[in-house]
Amino acid sequence: MNTARHARLLPWKGEDGKPCYLSGEPNGYLTHVADSIENVQLGMARDLLAHADDLLSSPKAPAGELHYLAARLTESLGQVLRVAESRGARLPGPDEEVPDEEEEEEPCPRWPAN
């Protein structure tokens with residue numbers, strides 16, 4: 001089995017801008033946090049794409065707005081590529097067994113109320 005499969009690429013970078021990885025329990029708390037953040041990032045990318053479609057359909061879109069849009073699209077594309085890389089690395093290889101779909105995942109633990 002590929003060792004890279006054991007460490008999950010997380011959807012955020014470390015303090016020094018380097019990739020962060022998680023090794024350990026595939027259904028643990030941090031895994032659920034990472035899944036949630038990936039889903040937020042993908043949702044934001046969808047919203048940004050819809051906004052870009054609207055803005056680009058206007059022939060009189062201000063240059064400043066277009067520049068800001070390009071910056072946000074670049075940022076979002078980087079996040080989406082990170083999600084794709086992380087999810088692709090977790091796909092089983094051709095010689096690996098696919099886990100049973102009937103296995104239930106543990107629910108995400110919640111923080112205690114303050």
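Among contacts in the chain between residues at least 6 apart in sequence, 58% join residues at least 24 apart; contact means heavy atoms within 4.5 Å. This is a predicted model, in which local features need pLDDT of at least 70, side-chain atom pairs count only at pLDDT 80 or more, and totals for chains, interfaces and linings use all residues. Residues are numbered from 1 along each chain as its sequence is written, and side-chain values use heavy atoms, with hydrogens and water left out.

View 1. Let's start with the overall layout. Helices (H or I, at least four residues) and strands (E, at least two) are DSSP runs, numbered from the N terminus. Of the 114 residues, 22% count as buried. Here buried means under 20% relative accessible area, exposed means over 50%, and partly exposed is in between (1.4 Å probe, protein chains only).

**View 2. Confidence along the chain.** The predictor's confidence in each residue is called pLDDT and runs from 0 to 100. Its average over the chain is 83, and 81% of the residues score at least 70. Over residues 108-114 pLDDT stays under 50, and the model has 4 contacts beyond four places in sequence for them. Where pLDDT is low, the predicted coordinates should not be read in detail.

View 3. The 28 residues of α1 should span 40 Å at 1.5 Å a residue, and the end C-alpha atoms are 40 Å apart, which agrees. The expected span is 1.5 Å times one less than the number of residues in the helix. Among the buried residues of α1 are Thr31, His32, Ala34, Glu38, Gln41 and Leu42. The buried residues of this helix pack against β1, β2 and α2.

**View 4. Helix α2 and its cover.** Helix α2 takes in residues 63-89, and its 27 residues should span 39 Å at 1.5 Å a residue; the end C-alpha atoms are 39 Å apart, in agreement. Leu69, Ser76, Arg82, Val83 and Ser86 are buried in α2. The cover over the buried residues of α2 includes β1 (7-13), β2 (19-23) and α1. In another part of the picture, Arg72 lies over the face of Tyr68, 4.8 Å from the ring centre. For a charge to sit over a ring, NZ of Lys or CZ of Arg must be within 6 Å of the ring centre and within 35 degrees of the ring normal.

View 5. Find Gln41 in helix α1, which covers residues 29-56. Is Gln41 buried or exposed? Gln41 is buried, because its relative accessible area is 8%. A polar atom of the Gln41 side chain lies 3.1 Å from the backbone oxygen of Pro11. Not counting residues up to four places away in sequence, Gln41 touches Pro11, Gln79 and Val83.

View 6. Leu42 belongs to helix α1, and it counts as buried because its relative accessibility is 19%. Leaving aside neighbours within four places in sequence, Leu42 is in contact with Val80, Val83 and Arg87. Leu42 and Val83 are 41 residues apart in sequence, yet their C-alpha atoms are 8.3 Å apart in space.

**View 7. Arg8 among its contacts.** Arg8 has its place in strand β1 and is buried, with a relative accessible area of 6%. Its side chain reaches the backbone oxygen of Thr31 at 3.4 Å. Beyond four places in sequence, the residues that Arg8 touches include Cys20, Tyr21, Ala34, Glu38 and Ser86.

Terms used. A polar contact is a pair of N or O atoms within 3.5 Å; within protein, one must be able to donate a hydrogen and the other to accept it, and residues adjacent in sequence count only if both atoms are side-chain atoms.
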